[in-house]
Amino acid sequence: MLIIQTVQDTPAEDPTTWSFQLVSGWLGSRSSFPTSSSRITELKRRGNLLCEPFKSAFDCLDGNLDCKYEELSCWETKEWDCQNGRVALAGDAAHAMPPRK
């Protein structure tokens with residue numbers, strides 16, 4: 001996922017001045033990529049499999065960036081009483097977000 005966070009110039013003509021957030025997720029553990037630089041290396045490897053402009057966005061990452069590792073988890077879904085169809089979940093509340101095994 002690629003999100004443009006901040007565009008400093010007006011009109012927005014020079015992408016080199018913009019701030020981005022890159023998010024990538026996969027199943028694994030913190031011990032697989034214990035350092036920020038090992039995570040950057042893995043992001044670049046995975047980014048190389050993407051189409052443009054995502055491939056270039058990941059490839060341009062500075063190896064000295066502070067790359068965070070966040071553990072995500074899911075709760076198992078359970079049947080619930082929808083009050084004969086009068087109560088419903090909608091949007092992101094209706095499904096699990098992180099990857100599942």
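Trainee: Which side chain meets that of Arg45 in a salt bridge, 2.8 Å from N to O?
Mentor: A salt bridge puts a side-chain nitrogen of Lys or Arg within 4 Å of a carboxyl oxygen of Asp or Glu. Arg45 has such a pairing, at 2.8 Å from N to O. Its partner is Glu42.

Trainee: What kind of model is this?
Mentor: Residues are numbered from 1 along each chain as its sequence is written, and side-chain values use heavy atoms, with hydrogens and water left out. Local features need pLDDT of at least 70, side-chain atom pairs count only at pLDDT 80 or more, and totals for chains, interfaces and linings use all residues, for this is a predicted model.

Trainee: How far apart are Arg45 and Glu42 in helix α1, in helical turns?
Mentor: Helices are DSSP runs of H or I, at least four residues, numbered from the N terminus. Arg45 and Glu42 are three residues apart in helix α1, so the separation is about one helical turn.

Trainee: Is Glu42 buried or exposed?
Mentor: Buried means under 20% relative accessible area, exposed over 50%, partly exposed in between (1.4 Å probe, protein chains only). Arg45 is partly exposed at 47%. Glu42 has 9% relative accessibility, so Glu42 counts as buried.

Trainee: Which residue forms a salt bridge with Arg46?
Mentor: Arg46 is partly exposed, at 27%. The closest N and O atoms of its salt bridge are 2.8 Å apart.

Trainee: How many salt bridges does the whole structure hold?
Mentor: Lys68 and Asp66 also meet in one, at 2.7 Å from N to O. Shared partners join Glu42, Arg45 and Arg46 into one network. A search of the whole structure gives a total of three.

Trainee: Which backbone nitrogen lies 2.6 Å from a polar atom of the side chain of Ser36?
Mentor: Ser36 lies in helix α1, residues 36-47, and is buried at 17%. Contact means heavy atoms within 4.5 Å. Not counting residues up to four places away in sequence, Ser36 touches Leu65, Asp66 and Cys67. The nitrogen at 2.6 Å belongs to Cys67.

Trainee: Which residues make up the largest nonpolar core?
Mentor: Such a core is a set of buried Ala, Val, Leu, Ile, Met, Phe, Trp, Tyr and Cys residues joined through side-chain atoms within 4.5 Å. Phe58 is one of five members, and its contacts beyond four places in sequence include Leu43. The five are Ile40, Leu43, Phe58, Leu61 and Cys67.

Conventions
Helices (H or I, at least four residues) and strands (E, at least two) are DSSP runs, numbered from the N terminus. A polar contact is a pair of N or O atoms within 3.5 Å; within protein, one must be able to donate a hydrogen and the other to accept it, and residues adjacent in sequence count only if both atoms are side-chain atoms.
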